[in-house]
Amino acid sequence: MKGFLEYVPGESFLHTMNPVAKLAAAFLLVIACFATSNFILLAVVIALDAVMAVRCKMVPQTIGLAKAVAAFSVVLALIALLFTPQGDVLMSLPWGYIGTASVLNAALIVVRLVACAVPLFLVFYMTKLTDMANALVKVLHVPYKYAFTFMSTVHFIPVFMNDMAGIMEAQTARGVEFDGGLVKKVRLMVPLCVPLLVSSVRKTNSAAIAAEVRGFNLRTRESGFKEYPFSGIDFAAMGIAAALLVVAILLRVLL
């Protein structure tokens with residue numbers, strides 16, 4: 001996925017929100033998704049995800065992300081469907097059976113993962129990593145070393161993906177055909193991990209040297225010049241996410 005986890009400039013409400021408020025609201029939504037088994041509440045979260053995607057003009061990227069997460073979650077859903085027999089018997093298997101509750105649980109896995117993945121990824125698309133790290137240090141008093149480690153980890157994901165795509169394009173230009181089944185692709189991609197690893201080590205070493213030269217060890221909470229105040233929309237977003245979490249917990253307790 002080209003541009004994966006890379007900042008997308010814009011002027012939407014997500015762009016202007018406090019980075020800490022974005023992360024807090026996203027994590028509250030994630031917890032709410034995992035705290036409930038109610039499909040109606042999960043549908044509300046997905047609808048909220050769709051509204052955010054439309055307002056941020058990220059509909060194609062969000063649909064692509066949802067498809068990727070759904071494809072991954074289908075594997076987990078099949079495992080749950082085949083190996084967790086629950087409810088009335090629908091189909092007998094040599095090691096158990098597929099029940100009505102098994103089907104519901106499998107569907108729940110797919111819906112839940114799609115619902116909780118979109119807010120987190122939108123936050124990363126709508127926030128500069130430097131702002132996110134600085135806000136964590138300024139607002140939450142997180143040690144800068146930990147914030148920098150988090151920022152670097154997220155930053156290197158698209159870098160590694162772009163490097164892998166470049167290596168594959170170079171191999172394709174040399175006549176290597178990556179078309180075919182999954183086994184063939186894996187067999188061809190395994191040798192490419194060596195140049196990717198070498199390139200990654202070089203980039204990591206260069207980044208470490210650059211950080212040391214710029215006085216990384218001297219960085220404190222007061223070093224940043226930019227402030228990250230909270231606004232009304234920040235409190236509103238966290239309030240909505242917290243309300244959904246409370247509803248999810250109440251539904252689990254009462255039902």
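I started with Phe230, which is partly exposed at a relative accessible area of 33%. My scale: buried is under 20% relative accessible area, exposed is over 50%, and partly exposed is in between, with a 1.4 Å probe and protein chains only.

Ground rules for myself: this is a predicted model, where local features need pLDDT of at least 70 and side-chain atom pairs count only at pLDDT 80 or more, while totals for chains, interfaces and linings use all residues. Residues are numbered from 1 along each chain as its sequence is written, and side-chain values use heavy atoms, with hydrogens and water left out.

**Rings**

How many aromatic pairs does a search of the whole structure find? I got two. Rings of Phe, Tyr and Trp (its six-membered ring) pair when their centres lie within 6.5 Å; planes under 30 degrees apart are stacked, over 60 edge-to-face, and the rest tilted. Phe83 and Trp95 have ring centres 5.6 Å apart and planes at 20°, so I logged them as stacked. Phe83 sits in helix 4 (residues 59-83) and Trp95 in the loop between strand 1 (89-93) and strand 2 (96-99), so the pair ties together parts twelve residues apart in sequence. Helices (H or I, at least four residues) and strands (E, at least two) are DSSP runs, numbered from the N terminus. Phe83 is exposed, at 53% relative accessible area.

Back to Phe230: with Phe235 it makes a tilted pair, 5.8 Å centre to centre and 35° between the planes. Phe235 comes out exposed, at 53% relative accessibility.

**Cores**

Next I looked up nonpolar cores, meaning sets of buried Ala, Val, Leu, Ile, Met, Phe, Trp, Tyr and Cys residues joined through side-chain atoms within 4.5 Å. The largest has 32 residues, and Leu14 and Met126 are among those with the most contacts inside it. Which helix gives the most to this core? Helix 5 does, with nine residues. I also found a separate core of 13 residues, including Val123 and Tyr144.

**Helix 2 against helix 5**

These two pack at about 175°, axes 9 Å apart. Axes are lines fitted to C-alpha atoms, for helices over the stretch in contact, and angles run from 0 to 180 degrees between N-to-C directions. Helix 2 and helix 5 are therefore roughly antiparallel (over 145 degrees; under 35 is roughly parallel, 65 to 115 roughly perpendicular, the rest oblique). Contact means heavy atoms within 4.5 Å; Phe27 and Cys33 of helix 2 and Leu113 and Val123 of helix 5 are among the residues making it.
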